[in-house]
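This briefing takes up a metal site, a helix and the nonpolar cores, in that order. Please look over the structure before reading the points below.

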Amino acid sequence: MLKKKVEDICNRQVEREGYSSNLYLAMASWAENNGFSGVADWLYAQSEEERLHMLKFITYINERGGKVVIPAFKKPPTDYKSVEELFREVLKHEGFQYS
Ligand SMILES: [Fe+2]
């Protein structure tokens, strides 16, 4: 049986991975709508990867007898001034520092 503390941490990670998936999905849609089809393809793939991360945590919790809580995800931004700004946000989200 999964300890409550571990279950809570894993559920928090479900939320983080799901938000990441939605963030990249929203970015992909912006890129597709603004003529950056290659960027959109890359971001759609990132969105799918983050969704798979979320599913791994869901499966991990369930297989150990825990309870998954699928949260309401925070709405990601929908507009960017440029593709450069979008990629700066990607880097920030991934935890990279840039100057
Ligand atoms: Fe992830």
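Donors are here taken to be N, O and S atoms within 2.8 Å of the metal, and because water is not among the atoms, a site may look incomplete. With that in mind, the donor residues of the iron ion follow the sequence spacing E-x32-E-x2-H. The model is a predicted one.

**Iron site**
- The iron ion has as its protein donors Glu17 through OE, Glu50 through OE and His53 through ND1, at distances of 2.0 to 2.1 Å.
- Glu17 belongs to helix α1 (residues 4-33) and His53 to helix α2 (residues 37-63), so this pair ties together parts that lie 36 residues apart in sequence.
- Glu17 counts as buried because its relative accessibility is 10%, under the 20% limit, whereas His53, at 26%, counts as partly exposed.

**Helix α3**
- Helix α3 (residues 83-94) has 12 residues, which at 1.5 Å a residue should span 16 Å, and this agrees with the 17 Å between its end C-alpha atoms.
- Just after α3, Gly95 adopts a positive phi of about 90 degrees.

**Nonpolar cores**
- The largest nonpolar core has 13 residues, of which Met27, Leu43 and Leu86 touch the most other members.
- Two or more residues of this core come from each of α1, α2 and α3, and α1 contributes the most, with seven.
- Apart from neighbours within four places in sequence, Met27 is in contact with Leu43, Tyr80, Leu86, Glu89 and Val90.
- A second, separate core comprises seven residues, among them Leu2, Val14, Met54 and Val68.

How values were computed:
Residues are numbered from 1 along each chain as its sequence is written. This is a predicted model: local features need pLDDT of at least 70, side-chain atom pairs count only at pLDDT 80 or more; totals for chains, interfaces and linings use all residues. Side-chain values use heavy atoms; hydrogens and water are left out. Donors are N, O and S atoms within 2.8 Å of the metal (3.2 Å for Na, K and Ca); water is not among the atoms, so sites may look incomplete. Helices (H or I, at least four residues) and strands (E, at least two) are DSSP runs, numbered from the N terminus. Buried means under 20% relative accessible area, exposed over 50%, partly exposed in between (1.4 Å probe, protein chains only). The expected span of a helix is 1.5 Å times one less than its number of residues. A nonpolar core is a set of buried Ala, Val, Leu, Ile, Met, Phe, Trp, Tyr and Cys residues joined through side-chain atoms within 4.5 Å. Contact means heavy atoms within 4.5 Å.
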